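Below is a set of questions and answers on a single protein chain. The sequence and the coordinates come first.

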Amino acid sequence: MAETTRVLIADDQPDVLEALRLLLKGEGFETETATSPAGILAALERWEYDAVLMDLNYARDTTSGKEGLDLVTKIQALDSTLPIVVMTAWGSVAGAVEAIRRGARDYIEKPWDNSRLIATLRTQSELGRVMRESQRLKQENRLLRKKDDLPEMIADSRAMQNVLRLIERVAASDANVLITGEHGTGKEVVARRLHALSNRADKPLIAVNVGGLSEGVFESEMFGHVKGAFTDAKTDRVGYFELADKGTLFLDEIGNLNAKQQARLLRVLQTGEMQRVGSSKTRKVDVRIISATNADIQQEVDEGRFREDLLYRLNTVVIDLPPLRDRGEDIGLLAEHFLRRFAGKYGRRSAAFDGEARRALQEYRWPGNVRELEHVLERGILMAPGDTVRAEDLGLAGRRAGAPALDEMTLEEAEQLLIRKALERYQGNVSRAADALGLSRSALYRRLQQYGIST
């Protein structure tokens, strides 16, 4: 029995969609329709298709094809093996060349020729199947070669299974990825897994907390400097971009960059070129950018604190990590994982939870997510009098009961409380929390380091 070919058809005109659906149905294709770029991307998240047949022009932009061309780029980032056939009533050689340059396999003008359209979809669908099988085998080989080095992700919950599938789909591409989610959800683990499964895995992964770089050192740290560029520049220095050349650069806390830092980063991402501080020599860099933030980055854009053009350079693909409270199936598995790790570290290899401890772990809301769970389990192992970790050893009841009254705290305890509350109020955005507390960003970072507070 021949394999059914599934095609996603996208156009903003209902009559065009219906005509194409009936034509393809008569030829044995299985179809689904979408009427907007957002609808196309949502459909691709839900199902796997053998081909996409899509218009280049949509309601917001009916003649230039820009919306459609940008969409081709995003679809290619999601799945480079998925054949895209574009069509437009405003066809031009320039539009065809640009669509194919961005990854489309063919280009059809409206009104279309039925025979050519059907033949094109059959041919491209078959080629896509061959490419997917080839990529699957390569991915399996990479997994086998790197099994011991692959960052572990415990992810049995449905929400995290979706994340794992998205990681596997986009890892092999060079698409820039933005990882979002609350603090402590494991954004750096995702970044490391993306790199380990990528074609750049044998090159460096350089991780940088860019939100912690002050204005004065940002350019030197990111792009390097030459000897004598400023008073303390005793020797030449290689910046993070050069260190990550041909590899991956992970930019954590990207939402905390100020306007000047954003502009400097954008220029390098636009041109692929940079200069060390104090040098007139331009250097080319080939770097894949994975960035992360626990801020609502779209809100930051809407309120004018983050550049929209920079966001578009960073968010070709967005991976949103769910909080631990929405991953109930994973809490027990993660707890057992950390229990084994700390039991080995502290010589308690027979350690186990009692029933009350297991219930406490499941009932707690985990505002600090996986990172908090890890810290709680280390404490539990240290506090347990024997090999059985009890609920009271975890210290979760005290956390639920709330903090002591302000007048019962030491000055340091009060400062820590205010810092934590400011970070919670601004979803981990250090710049906004510092403003609210009346501190400079560097002063707040010093206190975060002093108190061991993670963002």
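Q: Which residues does Thr185 touch, not counting residues up to four places away in sequence?
A: This is a predicted model, in which local features need pLDDT of at least 70, side-chain atom pairs count only at pLDDT 80 or more, and totals for chains, interfaces and linings use all residues. Residues are numbered from 1 along each chain as its sequence is written, and side-chain values use heavy atoms, with hydrogens and water left out. Thr185 sits in the loop between E6 and helix H7 (187-196); helices (H or I, at least four residues) and strands (E, at least two) are DSSP runs numbered from the N terminus. With contact meaning heavy atoms within 4.5 Å, Thr185 touches Leu321, Pro322, Pro323, Arg327, Asn369 and Val370.

Q: Is Thr185 buried or exposed?
A: Buried means under 20% relative accessible area, exposed over 50%, and partly exposed in between (1.4 Å probe, protein chains only). The relative accessible area of Thr185 is 6%, so Thr185 is buried.

Q: Which backbone oxygen does the side chain of Thr185 reach?
A: A polar contact is a pair of N or O atoms within 3.5 Å; within protein, one must be able to donate a hydrogen and the other to accept it, and residues adjacent in sequence count only if both atoms are side-chain atoms. At 2.7 Å, the side chain of Thr185 reaches the backbone oxygen of Glu182.

Q: Why are the buried residues of H2 said to be on the same side?
A: The buried residues in H2 are Pro37, Ile40, Ala43 and Leu44. The arc is taken from the directions from the helix axis to the C-beta atoms. They are on the same side of H2 because the arc they cover around the axis is only 125°.

Q: Which exposed residues does the face of H2 turned away from its buried side carry?
A: The buried residues of H2 pack against strand E1 (6-10), strand E2 (30-34), strand E3 (51-55), H3 and helix H6 (158-170). The face turned away from the buried side of H2 carries the exposed residues Ala38 and Arg46.

Q: Which element gives the largest share of the lining of the largest pocket?
A: A pocket, on a 1 Å grid over the protein atoms alone, is an open set of points where a 1.4 Å probe fits, with protein on both sides within 12 Å along at least five of seven lines; lining residues have an atom within 4 Å of a point. The largest pocket is lined by 42 residues, and Thr73, Lys74, Tyr312, Arg313 and Thr316 lie nearest its centre. The largest share of this lining, 8 residues, comes from H3.

Q: What is the omega of the peptide bond from Lys110 to Pro111?
A: Most peptide bonds are trans. Pro111 lies in the loop between strand E5 (106-109) and helix H5 (114-145). The bond from Lys110 to Pro111 is cis, with omega near -5°.

Q: Is Glu253, with its positive phi, buried or exposed?
A: Glu253 lies in the loop between E8 and H10, and its phi is near 55°. The relative accessible area of Glu253 is 5%, so Glu253 is buried.

Q: What is the phi of Lys246?
A: Lys246 is in the loop between helix H9 (240-243) and strand E8 (248-252). Lys246 is partly exposed, at 42% relative accessible area. Although Lys246 is not a glycine, its phi is positive, at about 70°.
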